[in-house]
Amino acid sequence: MLEIDALELARMQFAFTVSFHILFPAITIGLASFLAVLEGMWLKTNDQSYRDLYHFWSKIFAVNFGMGVVSGLVMAYEFGTNWSRFSDFAGAITGPLLTYEVLTAFFLEAGFLGVMLFGWNRVGPRLHYFATVMVAVGTLISTFWILASNSWMQTPQGYTIVDGRVIPTDWLAVIFNPSFPFRLAHMAIAAFVATAFFVGASAAWHLLRGNKTSAIKRMFSMAMWMALIVSPIQAIVGDAHGLNTLEHQPAKIAAIEGHWENVGNEPTPLVLFGIPDMKAEKTNYAIEIPYLGSLILTHSLDRQIPALKSFPTEDRPNSLIVFWSFRVMAGLGMLMIFTGLWSLWLRKRGSLYDNRIFLRLALMMGPAGLIAMLAGWFTTEVGRQPWVVYGLLRTVNASSGHSVEQMTITLVLFVVVYFALFGTGFGYMMRLVSKGPTTHFIDSPPSGGPGQHRTPARPLSAAQEDFDIHSDGEPLSKGNVHGH
């Protein structure tokens, strides 16, 4: 019978909670920038469809933002409850970095979020657009600090160890550690890719149902342009990230490739498929392509990559997990690039909105970016094992030392509560998506008077800009604004 100790249960619990959490910030990052683009295009062109899309996606953004905040709070507590030894060892670095995120990103987002979501009839259009841009900037600043903290755990520098604790000596070195630029770019682009396919899938669903309004078509067009442009860029950034990982974490690359030993001076083959066996120290049923491993990983045809057997057994990541998680990520990445290229071909033929086979593909690709991102995080985090802080603190020495019973109970409770809470939130978000964008324009002004739209509630409520929107989302024509 499979026996799992308290440490493994703690790791499973953190993996479970972070897997939920990472989905919401990713969509939040992408949607915030998408909303900024939509509102900017509306201000520039005065095209009604951009504004309709803004109102539609701002509701989904709000739900997603709320779930992201809740799931993030749980993870913050986990550092103290389950990983107190890690917090004691590295808290002097990770604590300030997370505090900087709160002081810069979270306060910026929270400060402007209310204006963004509820300020259409309270501030002018330019100020409202500024608020939207600030929320988008805030999400990217948050990404900056979170990735700085996590990247330092992957490639630590700028520190000294005093009395068994890490003490920062150079904050610039801590923040801009060797893997940080690559991981920041990779994560930010992943958020944009995931959002593009999420938006594209929602538009494809409506197009398949015969809803071909200008807003739906524009939403689908923008999503496919984003997929076409960003997916190949992600592949290039991923390649650079891989070279950086080979330099600083060669054991992770060897585990990803299922590469156990080098033969003489022969170049490293690429193992397409196989089943790595950690005990037998080999990859069973391996399908290899000669030279391709060296070409991809070292950009040469004769250089080798380090093999797993060149590392002590206790320092090897679990190759079975990272081998397949990486291939899930890479496979979905290639499929996303293909989807973007197919959309370009259909666009040139004038059948982007009518090819039902492609629309079904776009619908199925909706979760592809999120799944690929999760697979990438599993590759990164499991590939760092057995270290929490690479080369400094082992995972076995970082946990709080709870009992198996305690970790089992809390893990079960997390699973039940998370599926109930976030399942409900996700279901509500999907119902919003299924309704699609609706026009908010009023052709004829309301009659006014007590109980009617635009009845002044305060002195300045009658002096609005030429364009305004009620609290229920209904806009007003110029006659509405100046007629009272």
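Two strands pair if DSSP finds at least two bridges between them; helices (H or I, at least four residues) and strands (E, at least two) are DSSP runs, numbered from the N terminus. The model is predicted, so that local features need pLDDT of at least 70 and side-chain atom pairs count only at pLDDT 80 or more, while totals for chains, interfaces and linings use all residues. Residues are numbered from 1 along each chain as its sequence is written, and side-chain values use heavy atoms, with hydrogens and water left out.

**Exercise 1. The hairpin**

Solution. The hairpin has two residues between the strands, and Asp-163 takes a positive phi near 55°.

**Exercise 2. Two aromatic pairs**

Classify the ring pairs Phe-112 with Phe-130 and Phe-414 with Tyr-418, and state how exposed each residue is.

Solution. Rings of Phe, Tyr and Trp (its six-membered ring) pair if their centres lie within 6.5 Å; planes under 30 degrees apart count as stacked, over 60 as edge-to-face and the rest as tilted. By this rule there are 32 aromatic pairs. For Phe-112 and Phe-130, the centres are 5.6 Å apart and the planes stand at 80°, so the pair is edge-to-face. Phe-112 belongs to helix H3 (residues 84-118) and Phe-130 to helix H4 (residues 125-154), so the pair ties together parts that are 18 residues apart in sequence.

For accessibility, buried means under 20% relative accessible area, exposed over 50%, and partly exposed in between (1.4 Å probe, protein chains only). Phe-112 is partly exposed at 22%, and Phe-130 is partly exposed at 40%.

The rings of Phe-414 and Tyr-418 have centres 5.7 Å apart and planes at 75°, so this pair is edge-to-face. Both residues lie in helix H13 (residues 404-435), four residues apart, about one turn of the helix. Phe-414 is buried at 18%, and Tyr-418 is buried at 3%. Phe-414 and Tyr-418 also belong to one aromatic cluster, together with Phe-16, Phe-20, Phe-24, Phe-419 and Phe-422.

**Exercise 3. Charges over rings**

Solution. A charge sits over a ring if NZ of Lys or CZ of Arg is within 6 Å of the ring centre and within 35 degrees of the ring normal. The charged end of Arg-327 sits over the ring of Phe-323, 3.6 Å from its centre. Arg-394 lies over the face of Trp-387, at 4.2 Å from the ring centre.

**Exercise 4. Helix positions**

Solution. The C-alpha atoms of Leu-147 and Gly-350 are separated by 41 Å, the two residues being 203 residues apart along the chain.
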